[in-house]
Amino acid sequence: MATLRGPDGCPWDREQTIDTLKPFVLEETYEVLEAIDRHDHASLCEELGDFVFEAVFLAQLESEEGRFDPRARCGPGGRRSRRKNAKTA
């Protein structure tokens with residue numbers, strides 16, 4: 001993602017903000033939910049990839065602004081992951 005946003009990367013990607021990505025995040029969320037509703041596991045795998053791409057994109061933007069380090073906050077050891085796990089809550 002850093003390469004896409006870099007000087008030799010994609011102009012469209014460089015122009016994006018967390019606000020401009022909102023419609024894409026919403027679209028991918030609905031596509032994941034639709035695949036779940038259909039129990040279409042192949043589509044779910046594909047849509048999750050698209051959804052994760054949007055999450056990585058947002059994390060890159062936040063990282064560029066110095067708001068957080070996605071490796072420290074969004075990884076499997078992050079606070080939210082532990083909080084959301086019913087076995088450890």
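**View 1. The end of helix α4 and its course.** Just after α4, glycine 66 adopts a positive phi of about 75 degrees, as seen in this predicted model. Helix α4 itself has 24 residues and reaches 34 Å from its first C-alpha to its last, close to the 34 Å expected at 1.5 Å a residue. The buried residues of α4 are Ser43, Leu44, Glu47, Glu54, Phe57, Ala59, Gln60, Leu61 and Glu62.

**View 2. The whole chain, for orientation.** Of its 89 residues, 22% count as buried, while the protein exposes about 6700 Å², of which carbon and sulfur atoms supply 57%. Among contacts with a separation of 6 or more, 43% join residues 24 or more positions apart.

**View 3. The salt bridge between arginine 5 and glutamate 64.** The structure holds three salt bridges, and one of them pairs arginine 5 with glutamate 64, the closest N and O atoms being 2.6 Å apart. Because arginine 5 lies in helix α1 (residues 2-5) and glutamate 64 in helix α4, the pair ties together parts that are 59 residues apart in sequence. Arginine 5 is buried, with a relative accessible area of 15%, whereas glutamate 64 counts as partly exposed at 37% relative accessibility.

View 4. Leaving aside residues up to four places away in sequence, glutamine 60 touches Met1, Ala2 and Arg5.

View 5. The side chains of arginine 67 and glutamate 62 meet in a salt bridge with an N to O distance of 2.8 Å. Arginine 67 is exposed, with a relative accessible area of 51%, whereas glutamate 62 counts as buried at 14% relative accessibility. Aspartate 40 and arginine 38 also meet through their side chains in a salt bridge, at 3.6 Å from N to O; here aspartate 40 counts as partly exposed at 26% relative accessibility, and arginine 38 is partly exposed as well, with a relative accessible area of 48%.

**View 6. The aromatic pairs.** A search of the whole structure finds two aromatic pairs. In one, the rings of tryptophan 12 and phenylalanine 24 have their centres 5.6 Å apart and their planes at 85 degrees, so the arrangement is edge-to-face. Tryptophan 12 belongs to helix α2 (residues 11-15) and phenylalanine 24 to helix α3, so this pair ties together parts that are 12 residues apart in sequence. Tryptophan 12 is partly exposed, with a relative accessible area of 41%, and phenylalanine 24 is partly exposed with 31%. The rings of phenylalanine 53 and phenylalanine 57 have centres 6.0 Å apart and planes at 75 degrees, so that pair is also edge-to-face. Both phenylalanine 53 and phenylalanine 57 lie in helix α4 (residues 41-64), four residues apart, about one turn of the helix; phenylalanine 53 is partly exposed, with a relative accessible area of 37%, whereas phenylalanine 57 counts as buried at 1% relative accessibility.

**View 7. A nonpolar surface patch.** Leu26, Tyr30, Leu33 and Ile36 form a nonpolar patch on the surface, and together they have about 380 Å² of accessible area. Leucine 26 lies in helix α3 (residues 18-38) and counts as partly exposed at 46% relative accessibility.

Conventions: Residues numbered from 1 in each chain as written. Predicted model: local features only at pLDDT ≥ 70, side-chain atom pairs only at ≥ 80, totals over all residues. Heavy atoms only, no water. Patch = residues over 30% accessible without salt bridge, like charges linked within 9 Å, V, L, I, M, F, W, Y side chains within 5 Å. Areas by Shrake-Rupley, 256 points an atom, 1.4 Å probe, with all protein chains shown as cover. Salt bridge = Lys/Arg side-chain N within 4 Å of Asp/Glu carboxyl O. Helix = DSSP H or I, 4+ residues; strand = E, 2+ residues; numbered from the N terminus. Buried < 20%, exposed > 50% of the residue type's maximum accessible area, 1.4 Å probe, protein only. Phe/Tyr/Trp six-rings, centres within 6.5 Å; stacked < 30°, edge-to-face > 60°. Contact = heavy atoms within 4.5 Å. Expected span 1.5 Å × (residues − 1).
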